[in-house]
Amino acid sequence: MELEMEMKRRGGQGESNEEKWVHDSSVDHKGRLPLRASTGVWKASLFIITIEFSERLSYFGIAPNLISYLTRVIHQDLKTAAKNVNYWTGVTTMMPLLGGFLADAYTGRYAMILFSSLIYLMGFSLLTMSQFIPSLKPCNKAMCHRPRKIHEVVFFLALYFISVGTGGFKPCLESFGADQFDDDHSEERKKKMSYFNMWNFALCCGLVIGVTVIAYVEDNVGWGVANLILTITMAIAIVTFYMGKPHYRYRLTGGSPLTPMLQVLVAAIIKRKLPAPSNSALLYEVPMTQKSQGRLLCHTNRLRFLDKAAIIEEKDNISIGQNPWRLATVTKVEETKLILNMIPIWLTSLPFGICVAQTSTFFIKQAATMNLKVTDNFRIPPASVFALGAVGMIISVTTYEKIIVPTLRKATGNERGINILQRIGIGMVFSILAMSVAALVEMKRLRAVDKELIQRGKTGPLSLSALWIAPQSIILGIGDGFALVGLQEYFYDQVPDSMRSLGIAFYLSVLGAGSFLSSFLIIIVDNVTGKSGRSWFAKDVNLSRLDNFYWLLAAMSGLNLCFYVILAKKYTYKNVQRREIVADGSRGDGVD
């Protein structure tokens, strides 16, 4: 109530205040209307991007090398280790659905980030202790054939602490950063489009250092030292994030974002026998002047059945206040349509998630069998091939931001250059190409295995350079720069304003579900091919047929792309009634 009164008071002081104050339903750290000059935009988002860099450095410091740790220290076979990595990755990227819901409904993004980052830090602290405390170490010897059970328990407990921390951390951090830009301000809206690219640039930088420097420390100095470095780095990043508190813009919570959707469905079912009005102006909506929080959405012609929830009956006494279970606003109806329209896009994004899952499992195990020497005295860790994907993504994001978008803006007049779903589709094309190249490279590697290890009886790594993994990794990284960044924008921008943490969680769930589906696909293919005589997934990667598996993924992704293109052509984007504010403080009404 105090915020509403202040907004009316500020708004009544003249249009120049539109440039001075932020009227997008956000507040400053004291609960007041934010001052545009001292809050938000890059001065706030850079604090947020810094902690994202540290978090990705920490995550990718352990994730790509995890399969090596499970096979070399825990002594799991390749199939079991790959499944455990996929399960952990899946849980880590599905937990944000819960964290995002709690943040949107109850805690707010800032509080959830702080709380979950402490849980995240606890996970890395446990990993560090499992390497330094004698009773928690794998064993007393430098090499052992079976680690202590207590080490396995603490190790996996630490990993899933990190998963729980990520569940609150990831969906809120990126959406909290995007909240620092006002959608109704023309200049800030353009900066927001660059924000997602900058976010992924920082992510890739953290990833590159994690899979090169940290992986090198793990392989050549020790896992304990690496974990200690990551723990200290994360602790410093949390303190840095807290220091930015006065500069942030905060969004107030409004209860469960799922309740209005359920109300729309119930109201539409109750009024299912009523004819849908031909004129959308007859549907119920709150005037913009009476809406203190959130934005109004324009009516669309998709899923017309839900429009019945906004039909005004004689028994609906609007002057007293409508029953939300019988009468919904057009905005609530359109928000429900947005979520339902997202389901097919989410489903058709899953094959891309399956392709991405291969980079942290089979790509690394393939590289481990190849020649990793850069010079006679320097050998790169197998997990470092993961950095090649990040390099491809950095190239892709930078080229898109600095060359493609400015060029297409001039040519098409579209602020984004190309629409979001087109960007995602381009990334899917690259994933098909990456899996095809991966299959060809694996065929070459298997010929080298047959020639050197089987016919000549050679032991140790192949003479074939691990740089042969570079093309598939870089191509998939370029695809990530289109598809993953596009998915982030899509799920943040196209969800209702009250569900933006959950929107980022939807994006992360594509990767999580992709990891689970990858494990499920491995089990099915293993059973089917095992019955025919030779499984595609043997205990030794040199006896496996990963080339066939990659061809299968390329074929599945190609078929899926056809369905995706059909959906993307028919898709209707969020249609916002926008109060446009330009940099000089002038105002205009528009539709996004």
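## A walk through the chain and its cavities

The model you see is predicted, so local features need pLDDT of at least 70 and side-chain atom pairs count only at pLDDT 80 or more, while totals for chains, interfaces and linings use all residues. Residues are numbered from 1 along each chain as its sequence is written, and side-chain values use heavy atoms, leaving out hydrogens and water.

Val41 is found in helix 3; helices (H or I, at least four residues) and strands (E, at least two) are DSSP runs, numbered from the N terminus. Leaving aside residues up to four places away in sequence, Val41 touches Gln180, Phe181, Glu188, Lys191 and Arg249. Touching here is contact, meaning heavy atoms within 4.5 Å. Now look for Tyr250, which is 209 residues from Val41 along the chain: the two C-alpha atoms are separated by 12 Å.

Next, find Ala215 in helix 9. Is Ala215 buried or exposed? Ala215 is buried, with a relative accessible area of 1%. Not counting residues up to four places away in sequence, Ala215 touches Asn65, Gly210, Pro381 and Ala383. Its C-alpha atom is separated by 60 Å from that of Arg272, although Ala215 and Arg272 are 57 residues apart along the chain.

Now step back to the whole chain. It holds 18 helices and 5 strands, and its C-alpha trace spans about 85 × 50 × 45 Å along the principal axes. Buried residues make up 56% of the 592 residues. Of the contacts with a separation of 6 or more, 79% are between residues 24 or more positions apart. The accessible surface comes to about 24,900 Å², of which 64% belongs to carbon and sulfur atoms; such areas come from the Shrake-Rupley method with a 1.4 Å probe, and for residues only the protein chains shown count as cover.

On a 1 Å grid over the protein atoms alone, a cavity is a set of points where a 1.4 Å probe fits but cannot get out, and lining residues have an atom within 4 Å of a point. Grid points are joined across faces, edges and corners, and a volume is the space filled by probe spheres set on the points. The count comes to 5 cavities of 30 Å³ or more.

The largest cavity holds about 610 Å³ of space. Among the 35 residues that line it, Phe60, Val356, Phe386, Leu484 and Leu511 are the closest to its centre. Helix 16 gives the largest share of this lining, 5 residues. By class, the lining has 19 nonpolar, 13 polar and 3 charged residues, where Ala, Val, Leu, Ile, Met, Phe, Trp, Tyr, Cys and Pro count as nonpolar, Asp, Glu, Lys and Arg as charged, and the others, Gly among them, as polar.

The second largest cavity has a volume of about 70 Å³. Its lining divides into 4 nonpolar, 4 polar and 4 charged residues, and helix 12 gives the largest share, 4 residues.

Note on methods: On a 1 Å grid over the protein atoms alone, a cavity is a set of points where a 1.4 Å probe fits but cannot get out, and a pocket is an open set with protein on both sides within 12 Å along at least five of seven lines; lining residues have an atom within 4 Å of a point. Buried means under 20% relative accessible area, exposed over 50%, partly exposed in between (1.4 Å probe, protein chains only).
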